[in-house]
Amino acid sequence: NYIVDLFFPSICHACSSVLFDNEVEICVECRHHLPLTNYHFQEDHPLNRLFFGRVQFVSSTALFYFQKNSRVQNLLHNLKYKNKQSIGTTIGIWLGMEMKASMRFENIDLIVPVPSHKKRIRKRGYNQDLSFAQAIANVLEIAFDDSVLIKIKNTKTQVFQTKEQRWSSVVHSFKLNSKNSIYKKHILIVDDLITTGSTIEEFAKVLINGGVKILSLATIA
């Protein structure tokens, strides 16, 4: 392992510095400086208010605040585009432990990640939300199902779109694939990044129409 590390050193996916033996995916320096929200310990916070009048979440949280050209953006970029799925696992364990300590995410029946369209998965090779959602499920000891909904509309990237364009691009994007697994249950929706919340709103409405009783939300940033 030392020989391999000499030629192919493990690096921090947030700042690109070489990791020490006791560091995994993210160096200690970055772990101390990543902008944590601590929303899981708060009843009222910006992410919760984002969905007022749109979708009711009994609990919601994001592990980090997002800023452009930041450590958090580097983490998400490596997770989404560089096939570094282990980042999702590391962050999922981190957030899962925080959620467990907060006591605000109890009595969840099922964790459901936001799906990617089959063309996006074919191009990228994976859904970046799966490792993150699976890690949270493992920590909280809750069932996980990525087949509840399917994405039937291959939406374009929303980075440069206005709020109205984001909303119109995700309308009718999802289709319920399995109603029995969600009926009258408390579902935790998991996604990687939330901006305007249009994707989550559309996703949540399909779940509600399918008979979901309660919704919660967890995201990386």
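A pocket is an open set of grid points with protein on both sides within 12 Å along at least five of seven lines, and its lining residues have an atom within 4 Å of a point. I wanted that in my notebook before starting on this model, which is a predicted one.

**Entry 1: the pocket**

I began with the second largest pocket and found a volume of about 200 Å³. Its lining has 14 residues, and Y39, L47, F64, I194 and A221 are the ones nearest its centre. Which helix gives the largest share of this lining? I looked, and helix 3 (residues 46-50) does, with three residues. Sorting the lining of this pocket by class gave me 11 nonpolar residues, three polar ones and no charged ones.

**Entry 2: the cavity**

I found one cavity of 30 Å³ or more, and the volume of the largest cavity is about 40 Å³. I noted some residues of its lining, among them Y39, H40, F57, S59, S60 and R104.

**Entry 3: the whole chain**

I then stepped back to get an overview. The protein has nine helices and seven strands. Of its 221 residues, 49% are buried. I also looked at contacts between residues at least 6 apart in sequence, and 75% of them join residues at least 24 apart.

How many strands are in the open sheet, and in what order? I traced five strands in the order 1-7-6-2-3, with parallel pairing. Strand 1 (59-62) and strand 3 (143-144) are the edge strands, each pairing on one side only. A reminder for myself: strands of a sheet pair through backbone hydrogen bonds, either parallel or antiparallel.

I followed two of the pairings residue by residue. Strand 1 and strand 7 run parallel and are joined by four bridges, and T61 stands opposite A218 of strand 7. Strand 2 (residues 110-113) also pairs in the parallel sense with strand 6 (residues 186-191), over four bridges. There, L110 has I187 of strand 6 as its bridge partner.

Are the residues I checked in strand 1 buried or exposed? S59 and T61 point one way, S60 and A62 point the other way, and all are buried. S59 and S60 were already in my notes as part of the cavity lining.

**Entry 4: helices on the sheet**

Helix 5 (residues 85-102) packs on the sheet and touches strand 1, strand 6 and strand 7 (214-219). Its direction makes about 135° with that of strand 7. Helix 7 (residues 129-140) lies across strand 2, strand 3, strand 6 and strand 7. I noted that helix 7 runs at about 140° to strand 6.

**Entry 5: helix 4 and what comes after**

In helix 4 (residues 71-81) I listed the buried residues: V72, L75, L76, N78, L79 and K80. What covers them? The cover includes helix 5, helix 6 (118-124) and helix 7.

After helix 4 comes N83, and its phi is positive, near 60°. I stopped there, having read that most residues other than glycine have a negative phi. N83 is in the loop between helix 4 and helix 5. N83 counts as partly exposed because its relative accessibility is 44%, and partly exposed covers what falls between buried, under 20%, and exposed, over 50%.

**Entry 6: another positive phi**

Where is S16 found? I located S16 in the loop between helix 1 (2-7) and helix 2 (28-33). S16 is not a glycine, yet it has a positive phi of about 75°. Its relative accessible area is 53%, so S16 is exposed.

My last stop was I208, in helix 9 (residues 198-209). Why does I208 count as partly exposed? Its relative accessibility is 42%, so it falls in that class. I then looked from I208 to I187, which is 21 residues away in sequence. From C-alpha to C-alpha, I208 and I187 are 10.0 Å apart in space. That took me back to the sheet, where I187 is the bridge partner of L110.

Methods: Residues numbered from 1 in each chain as written. Predicted model: local features only at pLDDT ≥ 70, side-chain atom pairs only at ≥ 80, totals over all residues. Heavy atoms only, no water. 1 Å grid on protein atoms, 1.4 Å probe; cavity = no way out; pocket = protein on both sides within 12 Å on 5 of 7 lines; lining within 4 Å. Points joined across faces, edges and corners; volume = space filled by probe spheres on them. Pairing = 2+ DSSP bridges. Helix = DSSP H or I, 4+ residues; strand = E, 2+ residues; numbered from the N terminus. Contact = heavy atoms within 4.5 Å. Axes fitted to C-alpha atoms, helices over the stretch in contact; angles between N-to-C directions. Nonpolar A, V, L, I, M, F, W, Y, C, P; charged D, E, K, R; others polar. Buried < 20%, exposed > 50% of the residue type's maximum accessible area, 1.4 Å probe, protein only.
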